[in-house]
Number of protein chains: 2
Amino acid sequence: VSARRPEDKSDLAVTPADVAGAAERLRGVAIHSPLVESETLSRRAGGRVLVKAEGLQSVGSFKIRGAYNLISQIPDATRGRGVVAFSSGNHAQAVAAVAARFDVPATIVMPHDAPKAKIEGTRSRGATIVFYDRVHDDREAIGRRLADESGATLVPPFDHPHIVAGQGTVGLEIADDCERLRLVPDLVLAPCSGGGLIAGIATSIKARWPDTTVIACEPEHYDDMARSLAAGRRVGNTDAPASICDALLANTPGALTFAINRALRTQAVAVPEHWVLTAMKAAMTDLKLVTEPSGAIALAAVLAGLIRLDGRTAIAVLSGANADERLLAEALAAPEPL
Amino acid sequence: VSARRPEDKSDLAVTPADVAGAAERLRGVAIHSPLVESETLSRRAGGRVLVKAEGLQSVGSFKIRGAYNLISQIPDATRGRGVVAFSSGNHAQAVAAVAARFDVPATIVMPHDAPKAKIEGTRSRGATIVFYDRVHDDREAIGRRLADESGATLVPPFDHPHIVAGQGTVGLEIADDCERLRLVPDLVLAPCSGGGLIAGIATSIKARWPDTTVIACEPEHYDDMARSLAAGRRVGNTDAPASICDALLANTPGALTFAINRALRTQAVAVPEHWVLTAMKAAMTDLKLVTEPSGAIALAAVLAGLIRLDGRTAIAVLSGANADERLLAEALAAPEPL
């Protein structure tokens, strides 16, 4: 453990100790996903690349970590009145699965154009789904109204200390596994929507290795975290076109997640979408892992050469794998980008 | 650890202690692959199913375990003269990777119709490939001649105690992970060709839980282990048609692997090939794991209903994932069998 630096603000809403507490709670709930590597992929990337296979969680994404860490801490009487969440589908399935585990009702506000796999995965876990329109509706307002009406607890997708601490266990496992392999990663990259995962990872990784660079990877046109970090204040996306990265479309970083990422000097890159299919294909053929588009964007950033490794070692988080079959077939058939 | 039973012959060529020794050697070489599960899949199977994701090894299969356990124990001077192996492709890549790690030459005897991914994976690791014809040539004789000529060490694919002990670490990890999850598996299933993996798994699993059933899964028409166990002596396959399970075509069990499987009461089933594509598809969509046909056959046995779970818990080893893209696309498009 390294010395604390002045910029590692001790007054941040989530501390490494909070992440350690979440890791305790998650024992037997989330798997300790492996770091997987492929010589072919590392050669192609120009440096050692290991991926953290979070799509292997039983809900198909890392979201089980934050959802369980929050819901398990709701007092029994309150939790009995149920939970409400708004989500494009991965947080949805995680909240539904955790609610089922505690045998409490879950209501999920989902966009009607969410991937079929995500809608079915949420419904099959017993949740009630309320659909909204991404363009015209305010999902957060719908979620709050449903929670107010029923007395259920709103489980936000990213901007809550328990959510960030839960997602931070991804970073803690990376740190522990790297130590076991006797390697210090130069870079840790993860997908970024509202910034909960990357804030949690930064909390864990920067506490262990202050000089390791943590990089938030966003789809082109949805780089609100990159622009917010550059501006020093939260800014939103404007006129963004449709994207296959359905899980990375949050309009602005969270207040809490932005504060953490700013304090811990998280970097950010915007990844052109055509590299995402390439990364999905490479994950399947070289790493033997299925990913969804959003889940593959950190690997896409490396393959696109947006991050030049120059012999350095990078950990890329594959955050989720809830893709429809049609899209997997499309990725397998994708031509190599120029 | 349970009491030793009379039928657990202490004079078997591989003991649980040998497997523990192999596990020590393999630290940092093989990953501790996760047990992955999906509610959808378990519901469909009628009992809890967890899979051991061995395709995530850097060589795409469990074969790194036995190959490293053997090659690392060859005296330095001898190992310097190189290694020779015959293999349809997974053992080939593993031996090539281990030889490269020790910086010694590797010559691999491979069938000319091996999957492209396996040939490329072997060549890219620096091995010299000698092709043979599955129908007309004796790959074992070619391998022995090459070894005799060069002074290289022959690394057999299954019938050697160090190979079996190495593969047995798959079973040891299953046992340790199950204990951590506080579950006792009723059944452990794994693909079977020459019987090295299943012998190693039986060695580990039966030492921990004598009442757990260990099941060797073979392709229909290649059920030499099933028929050998039934006959009480080693018998071969006859007039077997072509199969997509290219890694499971050994003609007879090994002498050593047969003795172990017989003594430890390994069971065996033959799986119709059309269920293999179904299992590959389920692995991709429900478990988010890519597998090759041979690697998916234990899961296929469960999905085909050859093993009725009736609420019991099964561990199915997904042993390898070196499949060509075309075949992955074919599996994704596979219709559900009746």
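Let's begin with disulfides, meaning pairs of cysteine sulfur atoms within 2.5 Å: a search of the whole structure finds zero of them over all chains. Take A:C192, whose nearest cysteine sulfur belongs to A:C217, 8.6 Å away. For A:C245, the nearest cysteine sulfur is also that of A:C217, at 11 Å. A:C192 counts as buried because its relative accessibility is 1%, where buried means under 20% relative accessible area, with a 1.4 Å probe and protein chains only. A:C245 is buried too, at 1%.

A word on the basis of all this: the model is predicted, so local features need pLDDT of at least 70 and side-chain atom pairs pLDDT 80 or more, while totals for chains, interfaces and linings use all residues. Residues are numbered from 1 along each chain as its sequence is written, chains are lettered from A in the order in which they are written, and side-chain values use heavy atoms, without hydrogens and water.

Now look at chain B. Six strands (DSSP E runs of at least two residues) form an open sheet in the order β1-β2-β10-β7-β8-β9, with mixed pairing; two strands pair if DSSP finds at least two bridges between them. The edges are β1 (35-37) and β9 (267-271) of chain B, each pairing on one side only. Inside this sheet, β7 (187-191) and β8 (213-219) of chain B run parallel, joined by five bridges.

Finally, how do the chains relate? A rotation of 180° with 0.0 Å of shift along its axis superposes chain A on chain B, with RMSD 0.0 Å, using least squares on C-alpha atoms of residues with pLDDT of at least 70 in both. The two copies are therefore related as by a two-fold rotation axis.

Conventions:
Buried means under 20% relative accessible area, exposed over 50%, partly exposed in between (1.4 Å probe, protein chains only). Helices (H or I, at least four residues) and strands (E, at least two) are DSSP runs, numbered from the N terminus.
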